[in-house]
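Let's take a walk through this structure together, one piece at a time. Have the picture open as you read.

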Amino acid sequence: MNQGADAPFGARDEQAPGASGSTGASGGGSGTRAALIAVSVLLFLEAAAMVALVVWLLVDLFALEPSSYATAIALLVLVAIGAIWVVAVAFASLRRAPWSRAAAIVWQILQVSIAVGAFQGLFARPDVGWALLVPAITVIGLLLWTPVRLAYTRDEGHTSA
């Protein structure tokens with residue numbers, strides 16, 4: 001039974017080309033399903049946080065007087081682009097689109113770099129650093145786990161209808 005690439009969260013019954021035997025550490029598919037759900041939930045939480053950040057920056061732009069309107073608007077535009085990207089990646093992860101795995105890993109690496117910066121400097125915020133670092137490492141680890149990685153791959157003979 002082939003559930004296809006557009007079925008959300010379900011573990012595929014077919015194996016990757018060249019694979020033989022069981023999927024190993026997937027625990028019969030339920031572990032893979034839980035990992036796929038965890039990845040999507042974390043991506044949607046990160047997307048919600050980015051949308052909230054856009055709203056916060058927009059409110060601040062009108063409620064407070066920035067020292068530079070150009071910088072404030074540029075920051076707002078960049079954060080809005082990032083929010084759109086994370087929302088798109090989160091929705092694509094539900095469909096297990098192959099590109100969404102790479103995009104999610106890139107986002108998590110960016111998040112790790114921000115977390116590292118939050119631990120350092122005069123205005124260090126370790127609480128923010130941990131809040132960014134823990135989900136990022138979790139998502140990266142899950143996306144690199146072989147059964148999850150295979151769930152994001154498409155069959156070579158797959159054709160879009």
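**How the helices pack**

Axes here are lines fitted to C-alpha atoms, for helices over the stretch in contact, and angles run from 0 to 180 degrees between N-to-C directions. The crossing of α2 and α3 is left-handed, meaning that the near helix is turned anticlockwise from the far one by less than a right angle (clockwise would be right-handed).

A quick word on what you're looking at: this is a predicted model, where local features need pLDDT of at least 70 and side-chain atom pairs count only at pLDDT 80 or more, while totals for chains, interfaces and linings use all residues. Residues are numbered from 1 along each chain as its sequence is written, and side-chain values use heavy atoms, with hydrogens and water left out.

Now step back to the whole chain. It has five helices and zero strands, so its pattern along the sequence reads α-α-α-α-α, with helices (H or I, at least four residues) and strands (E, at least two) taken as DSSP runs numbered from the N terminus. Of the 161 residues, 34% are buried, that is, under 20% relative accessible area with a 1.4 Å probe and protein chains only (exposed is over 50%, partly exposed in between).

Next, look at α1 (residues 30-63) and α2 (residues 69-94), whose axes come within 8 Å and cross at roughly 160 degrees. That is why this pair counts as roughly antiparallel. α1 passes α2 in a left-handed crossing. The contact of α1 with α2 has 24 nonpolar, three polar and one charged residues; Ala, Val, Leu, Ile, Met, Phe, Trp, Tyr, Cys and Pro count as nonpolar, Asp, Glu, Lys and Arg as charged, and the others, Gly among them, as polar.

In the loop between α2 and α3 you'll find arginine 96. Its phi is near 55 degrees, a positive value in a residue other than glycine. Most residues other than glycine have a negative phi. Arginine 96 counts as buried because its relative accessibility is 1%.

Tryptophan 107 and valine 86 are 21 residues apart in sequence and 7.6 Å apart in space, C-alpha to C-alpha.

Trp107 also leads us to the largest pocket: along with Met50, Leu53, Ile114 and Leu132, it lies nearest the centre, among 21 lining residues. α1 gives the most to that lining, with eight residues. By class, the lining divides into 18 nonpolar, two polar and one charged.

Terms used
Angles under 35 degrees count as roughly parallel, over 145 as roughly antiparallel, 65 to 115 as roughly perpendicular and the rest as oblique. On a 1 Å grid over the protein atoms alone, a cavity is a set of points where a 1.4 Å probe fits but cannot get out, and a pocket is an open set with protein on both sides within 12 Å along at least five of seven lines; lining residues have an atom within 4 Å of a point.
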